[in-house]
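Hello,

My notes on it follow directly after.

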2 protein chains.
Amino acid sequence: MQVEVRVKLKEQVLDPQGEAIRRVLAGLGYAEVGQVRVGKLMLLEVGGDDPGAVRARVEAACREVLANPVIEEFEVRLP
Amino acid sequence: MQVEVRVKLKEQVLDPQGEAIRRVLAGLGYAEVGQVRVGKLMLLEVGGDDPGAVRARVEAACREVLANPVIEEFEVRLP
């Protein structure tokens with residue numbers, strides 16, 4: 001099944017990339033855009049029929065390697 | 001309102017970052033993970049009450065600067 005992993009910086013962590021995007025947008029006239037936060041979207045094709053088991057494995061992979069627990073938080077979404 | 005912009009590589013574009021992640025996961029025992037594709041997740045705080053107008057503006061920003069139309073496709077999601 002197709003599993004979506006969303007990795008975002010924790011709220012309290014500064015996001016200079018997002019701030020740079022906000023400034024570029026403001027310079028182009030998109031003044032209505034306020035805060036911008038940039039994260040990663042990973043789409044994994046994962047074998048297995050049991051959604052609970054697949055979720056547990058992907059969450060383990062997030063903790064082990066896909067996300068940095070010091071500054072990032074992750075969310076796993078199944079179809 | 002909080003607007004989500006999803007930027008993904010087009011299907012026909014190779015994703016070496018995703019392939020590297022797949023290989024690392026396989027080496028760690030996650031053999032059930034097949035293809036991995038990596039995209040960007042941008043969360044924008046956008047002023048305005050009219051969802052249609054907000055969507056149109058954010059899509060314009062995507063075409064202008066947030067996505068590379070040669071290799072990427074984008075999707076705008078409103079709350």
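**Salt bridges and the rest**

Arg23(A) is exposed, because its relative accessible area is 52%, above the 50% cut-off. The model is a predicted one, so the values here are computed from predicted coordinates.

Arg23(A) has a salt-bridge partner in Glu19(A), with 3.7 Å from N to O. Helix H1 of chain A holds both residues, and they sit four residues apart, about one turn of the helix. Glu19(A) has a relative accessibility of 33% and therefore counts as partly exposed.

A second pair in chain A is Arg77(A) with Glu75(A), whose side chains form a salt bridge at 2.8 Å, again N to O. Arg77(A) is partly exposed, at a relative accessible area of 33%. Glu75(A) is also partly exposed, with a relative accessibility of 33%.

**Between the chains**

Glu4(B) and Arg6(A) form a salt bridge in which the closest N and O atoms are 2.9 Å apart. Glu4(B) belongs to strand E1 (residues 2-9) of chain B, and Arg6(A) to strand E1 (residues 2-9) of chain A, so this pair joins two chains. Are these two residues, Glu4(B) and Arg6(A), buried or exposed? Both are buried.

These residues are also part of something wider. A network of salt bridges links Glu4(A), Arg6(A), Glu75(A) and Arg77(A) with Glu4(B), Arg6(B), Glu75(B) and Arg77(B). Over all chains, the count of salt bridges comes to 18.

**A nonpolar patch**

Which residues form a nonpolar patch on the surface? They are Val24(A), Leu28(A) and Val65(B), and together they have about 220 Å² of accessible area. Leu28(A) sits in the loop of chain A that runs between helix H1 (16-27) and strand E2 (33-46). With a relative accessibility of 41%, Leu28(A) counts as partly exposed.

**Chain A as a whole**

Chain A has two helices and three strands, and along the sequence they follow the pattern β-α-β-α-β. Its radius of gyration is 16 Å, well over the 12 Å that the globule rule gives for 79 residues, so chain A is more spread out than a compact globule. Along the principal axes, the C-alpha atoms of chain A fill a box of roughly 50 × 25 × 15 Å.

How much of chain A is buried? Buried residues account for 37% of its 79 residues. The accessible surface of chain A is about 4,300 Å², and carbon and sulfur atoms supply 54% of that area. As for contacts in chain A between residues at least 6 apart in sequence, 69% of them join residues at least 24 apart.

**Confidence**

Chain A has a mean pLDDT of 97, and 100% of its residues reach 70 or more. For the complex, the predictor gives an ipTM of 0.92 and a pTM of 0.93.

Regards

Notes: Residues are numbered from 1 along each chain as its sequence is written. Chains are lettered from A and ligands numbered from 1 in the order in which they are written. This is a predicted model: local features need pLDDT of at least 70, side-chain atom pairs count only at pLDDT 80 or more; totals for chains, interfaces and linings use all residues. Side-chain values use heavy atoms; hydrogens and water are left out. Patches are made of residues with over 30% relative accessible area and no salt bridge: like charges are joined within 9 Å, nonpolar side chains (Val, Leu, Ile, Met, Phe, Trp, Tyr) within 5 Å. Accessible areas come from the Shrake-Rupley method with a 1.4 Å probe; for residues, only the protein chains shown count as cover. A salt bridge is a side-chain nitrogen of Lys or Arg within 4 Å of a carboxyl oxygen of Asp or Glu. Buried means under 20% relative accessible area, exposed over 50%, partly exposed in between (1.4 Å probe, protein chains only). The radius of gyration is taken over C-alpha atoms; the globule rule is 2.2 Å times the number of residues to the power 0.38. Contact means heavy atoms within 4.5 Å. pLDDT is the predictor's confidence in each residue, from 0 to 100.
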